[in-house]
Amino acid sequence: MSGNQEPVVVVGAGYVGLVTTAGLLERGHTVWCVDTDVDRLALLEKGSTPVFEPDLAEVLAAHRSHVAYCTDQREALEESGARVLISAVGTPPLEDGSADLSMVRCVVDRMPREDEVALVMKSTVPPGTGREIAGLASFPYVSCPEFLREGTAMQDVRAPDRVIIGCDDDSWAVDAVRGLHPTLPCERVFTTDVTNAELIKHASNFHLALRISYANQIANLCEALGADANAVLHGVGLDTRIGPKFLKPGLGFGGSCFAKDARALLAVARQTSTALTLASEILDVNSDQAQRVVAKLVHRLGPLAGAKVALLGLTFKPHTDDLRSSPAFTLARLLRSEGAVVCAWDPSSRARKQALRHGPDHAEGLATWELAASLPDAIDDAKAVILVTDWPELTEVDWAASKRPIPGALVLDGRNALDPSAVSSAGLTYEGTGRHSAGLPVWRPPTEGTNTD
Ligand code: UGA
């Protein structure tokens, strides 16, 4: 088992660990992938992956002879002779929002106490963590945050926008870490200190989340003024200083990163007595988006008791099976409390299966009867349909097929991804996000202004 490049140990066979492993395998490294979850490893041994990411299973299978899955970090280091160990274990949030570093600590405790093997931190740890670890360690420590986007992570690992390498001393490990990444123009590889590198990760997610909350507030203002957020934000993004990306309004950001990282940063800000009021604002704006949609629905349709409401999409974004912090579950909970009959569907069968599980990541989950057997079944006879996730399959619904919403039903486009004329020509009422919709009076939430109708 030897590739033509240095062997590497990756600890954590989750999303980041497996995508990192796949990237290293493609670049000719042999990888020892360590995880304490034996079921996870058994799945990987069989050629399946515990997380879905386009292309991931195929790459792992194609390089099967160059990857070993095992439970013991020390054994992996000994057998591989690797000089670099990458930590990709999770740092889930604790109750107060701070990051749970217990898994990172286990990785640190199992490092050899010598200069021979470097610890490369890809787990997202709060700024300040690395300096503390490095201060006590006898091994080289490098922070190398990941910027993978679910759904396109293999592209990101093959051709990253940037590589950030944080190290507090002049260690050999910096060059070793550079060598693990694809060759990039030198201005896109930034070497800095550990705390800066950790902050770059958090500040980047903070910035992206800020743009989304900004776009959502502008869209809400557009609704109140009868303006079109798509046009407004397009115009804003034409300024090259601003740019067009991450300005799509909708149901708010979901996923495991933006909210979690903002809370972790808030916890660090509290500990250091620094004001980070923007972070709490971003989170508040984000959680208001789903509430707005339900308030809008009640306003347009009257009491929802007994009304069938279809939720199209359960994942937090398309091309993933990830349900973590997806607005679908907040919507389901709010709709249930209004007495509506929720009927949901997602193109990912893995997502549909997981949606029935109760878990902290997606609140109380769905009940079996809330999951439709197919997309046509989900919308059939619905009084309202909400597009939650802009999967291609969900944006091309045949609204005039035999299984269709009731005449005049409200189709709320939570991602501005549907064709309004296709919806209206099927005798349904289209309403976008931050867009004035034909035939509908301007809507303002009761707490923010007076209704005009
Ligand atoms: C995000 C970052 O984009 C990655 O760079 C980062 O590595 C990752 O978090 C992480 O910290 O691990 P990801 O959570 O996969 O990646 O998803 P994004 O594509 O950033 O989307 C997050 C959420 O924002 C989704 O719910 C998406 O629908 C929403 N979004 C995105 C909008 O509502 N509007 C937009 O304009 C863009």
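Reader: By class, how many nonpolar, polar and charged residues are in the lining of the largest cavity?
Author: The lining has 3 nonpolar, 6 polar and 4 charged residues. Here Ala, Val, Leu, Ile, Met, Phe, Trp, Tyr, Cys and Pro count as nonpolar, Asp, Glu, Lys and Arg as charged, and the others, Gly among them, as polar. This is a predicted model, where local features need pLDDT of at least 70 and side-chain atom pairs count only at pLDDT 80 or more, while totals for chains, interfaces and linings use all residues. Residues are numbered from 1 along each chain as its sequence is written, and side-chain values use heavy atoms, with hydrogens and water left out.

Reader: What volume does the largest cavity have?
Author: About 90 Å³. A cavity is a set of points, on a 1 Å grid over the protein atoms alone, where a 1.4 Å probe fits but cannot get out; a pocket is an open set with protein on both sides within 12 Å along at least five of seven lines; lining residues have an atom within 4 Å of a point. Grid points are joined across faces, edges and corners, and a volume is the space filled by probe spheres set on the points.

Reader: Which residues are closest to its centre?
Author: Of the 13 lining residues, Glu223, Gly250, Val293, Lys296 and Thr433 are the closest to the centre of the largest cavity. H12 gives the largest share of that lining, 4 residues. Helices (H or I, at least four residues) and strands (E, at least two) are DSSP runs, numbered from the N terminus.

Reader: And how many cavities of 30 Å³ or more does the structure hold?
Author: There are 5.

Reader: Where does Arg415 come in?
Author: A polar side-chain atom of Arg415 sits 3.2 Å from a ligand oxygen atom. The protein covers 90% of the 710 Å² of accessible area that the ligand has on its own, by the Shrake-Rupley method with a 1.4 Å probe.

Reader: What about the backbone of Gly254?
Author: A polar backbone atom of Gly254 is 3.0 Å from an oxygen atom of the ligand. For Leu247, a backbone N or O atom lies 3.3 Å from a ligand oxygen.

Reader: How big is the second largest pocket, by volume?
Author: About 470 Å³. Its lining has 22 residues, and Leu101, Arg105, Thr129, Glu132 and Ile133 are the closest to its centre.

Reader: Last one. How many helices and strands are in the chain?
Author: The protein chain has 17 helices and 13 strands.

Technical notes:
A polar contact is a pair of N or O atoms within 3.5 Å; within protein, one must be able to donate a hydrogen and the other to accept it, and residues adjacent in sequence count only if both atoms are side-chain atoms.
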